[in-house]
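Here is a short report on the fold and the ligand site. Please read it alongside the coordinates.

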Amino acid sequence: MARLTILGATGTIGRNTLDVVARHPDRYSLHALTANTDWQRMAELCREHRPAVAVMTDVDAARELATALDGETEVLAGPVALAAVAAAPDSDIVMAAIVGAAGLMPTLAAVRAGKRVLLANKEALVMSGALFMETARRYGAELVPIDSEHNAVFQCLPHPRAGGLAGAGVRRIVLTASGGPFRGWSPERLDAVTPEQAVAHPNWVMGPKISVDSATMMNKGLEVIEACWLFDALPAQVEVVVHPQSIVHSLVEYADGSVLAQLSNPDMRTPIAHALAWPERIDAGVARLDLAQLATLEFEAPDHGRFPCLQLAFDALAAGGAAPAILNAANESAVAAFLDGRLKFTTIARIIRTTLDALGGRTASDLDAVLAVDAEARTRAEREIRRSGH
Ligand code: NAD
Ligand code: MG
C-alpha cells in the first residue's frame, strides 16, 4: 500500500489523480490533500476520498473547511503547514500539482524528504533548474514527470540510463505541441483574443494559467526548459513539432534512426497512472485509442512569428543563470494580467521580453536568490503591464 499526498488537489491534475487513485483502493491510501482558497471543493473531496489531513494555504479558507468537515479530517493552514505536509513521513508519493511559483517551496520540501515526486508543477523546475535537480540527487528523490510530453519521453527512454542521453544512444527529444486554440489565426485576430477564448483548449481540460500558456505556446517553452533539466539534455537536443491531434505525446530519436513515441488519447489520467504505478502498469479509466477512427495524425513546424513565446524560452535557456526564473515570473504576471482583462493577448510576449532584457544577466545559485529574482521580475513586469495600459 503506497501512501499519497496531493499538493493542489482541487485543480485539474489533482482531481484527475483522485480519479485514478479511487480506482485502486487496494494500492493507494490518501494521507493529505492541499489547496489554496477553494474550501467548498476541498470539503467535497475530503468527504469523498477521506484523507487524514487537509491543508488550505489561505487561513480563512482553512477555518471554513474545518467547520464544514466537523472533525473527520485534520485541517491545517498556511504555507508552513503546506511544506510540512509535503515532507511528512506519512506519505511515500507526493503529487506536485500546484500551479506556478507557489508550488516551489512545497515541491522542494517533498524532494528534500526523498519522496517519489510526481512532477506536474513545471514552473518550480523552470525557476530553480540546477538547484532542484541537485537536491533530488542529493536526497534520493525519485522524479517521475506528469507533463504528458515528459512522461512520454520518460517512457521512451531506457531505465536505468547510465551515461546520460549519449550513453543511451539518444540523438534528440521531440516534444509535441497541440498549437493551442489559435493555431493558424491571423495577427489581427490574435490581437483581439479574450480570456474566455484562450482558456478553451481544443484537446485538454486544464487550469486557466496553463491554458493561456498553451495558447501563447509559452507552455511548450517552459516544457523545453523542463526537458533539458529532467533528461540532462542540451537545448540543441530538444525540438518542438506541432501535432494538432495531441495523440503522439512526444518522441525520442536514437542514433540508429529509430524514433520511439508514446501515444494515447489526450487524458492526463494516463501519465498520472503511469507515474503512480511505475514500473508497473495500472488501469487509468482512459478510453482506448482507436487509430482507424482517428485516421490522420498531422505534424507541422511551430510558427515562431505569431507565437514568439517559444523562442523567448529558448533564449532564456541559452542565457542561463536566472533567465528561466525571470521568464517564468514575467509570464505568470503577464498571464494573470491578461486573465484580469488588464493586458492584450499579443502583449504577453512583449512584457516577458522587456523583463528578460532588463534583468537577464542575473544569476541565482541558491533558493533565496531564486525567490529574490522571482519577486524582482514580477515587480518589473507589473510596471511594464501598467505602462502598456489596456
Ligand atoms: P489548476 O489551476 O486547475 O489547479 C491549481 C491547484 O493549485 C489548485 O488546487 C489550487 O488550489 C492550487 N494553488 C494555486 N495557487 C496556490 C497557492 N498560492 N498556494 C497553494 N496552492 C495553490 O491547475 P492545473 O491545470 O491542475 O495545473 C497544475 C500544474 O500542473 C501546473 O503547474 C501545470 O503547468 C501542470 N500541468 C497541468 C496539466 C493539465 O492538463 N492540467 C498538464 C501538464 C502540466
Ligand atoms: Mg504538457
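Two strands pair if DSSP finds at least two bridges between them. Helices (H or I, at least four residues) and strands (E, at least two) are DSSP runs, numbered from the N terminus. This is a predicted model, in which local features need pLDDT of at least 70, side-chain atom pairs count only at pLDDT 80 or more, and totals for chains, interfaces and linings use all residues. Residues are numbered from 1 along each chain as its sequence is written, chains are lettered from A and ligands numbered from 1 in the order in which they are written, and side-chain values use heavy atoms, with hydrogens and water left out.

**The four-stranded sheet**

Four strands make an open sheet, ordered β9-β8-β10-β11, with mixed pairing. β9 (238–242) and β11 (259–263) are the edge strands with a single partner each, so one side of each has no neighbour in the sheet. From one strand to the next, the twist averages 20°. Axes here are lines fitted to C-alpha atoms, for helices over the stretch in contact; angles run from 0 to 180 degrees between N-to-C directions.

Strand β8 (residues 170–177) runs parallel to β9, joined by five bridges. There, Val 174 sits opposite Glu 239 of β9. Helix α12 (residues 218–231) packs on this sheet and touches β8 and β9. Its direction makes about 150° with that of β8. Contact means heavy atoms within 4.5 Å. Helix α7 (residues 148–156) lies across β8, β10 (248–254) and β11, at about 40° to β10.

β10 and β11 pair in the antiparallel sense, over five bridges. Leu 251 has Ala 261 in β11 as its bridge partner. Their hairpin has four residues between the strands, and Gly 257 in it takes a positive phi near 95°.

**The seven-stranded sheet**

A further open sheet has seven strands in the order β4-β3-β2-β1-β5-β6-β7, with parallel pairing. β4 (74–77) and β7 (142–145) are at the edges; each has a single partner strand, so one side of each lacks a neighbour in the sheet. The twist averages 20° from strand to strand.

β5 (residues 93–96) and β6 (residues 116–119) run parallel and share four bridges. Val 94 faces Val 117 in β6. Helix α13 (residues 269–277) lies across β1 (2–7), β2 (28–35), β5, β6 and β7, at about 170° to β6.

**The ligand site**

Which residues are closest to ligand 1? They are Thr 10, Thr 12, Asn 36, Glu 123 and Gly 207, out of 23 that surround it (a heavy atom within 4 Å). The shell divides into 12 nonpolar, eight polar and three charged residues. Nonpolar means Ala, Val, Leu, Ile, Met, Phe, Trp, Tyr, Cys and Pro; charged means Asp, Glu, Lys and Arg; the others, Gly among them, are polar. α1 (12–22), α6 (122–139) and α11 (208–216) each supply at least two shell residues.

| Backbone side | Ligand 1 side | Distance |
|---|---|---|
| Gly 8, N or O atom | oxygen atom | 3.3 Å |
| Val 99, polar atom | oxygen atom | 3.4 Å |
| Ala 120, polar atom | oxygen atom | 3.4 Å |

Taken alone, ligand 1 exposes 820 Å², and the protein buries 87% of that (Shrake-Rupley method, 1.4 Å probe).

**Backbone details**

His 159 and Pro 160 are joined by a cis peptide bond, omega about -5°. Pro 160 lies in the loop between α7 and α8 (164–167). Another cis peptide bond joins Trp 278 and Pro 279, with omega about 5°. Met 217, a residue other than glycine, has a positive phi near 75°. Met 217 lies in the loop between α11 and α12.

Notes:
A polar contact is a pair of N or O atoms within 3.5 Å; within protein, one must be able to donate a hydrogen and the other to accept it, and residues adjacent in sequence count only if both atoms are side-chain atoms.
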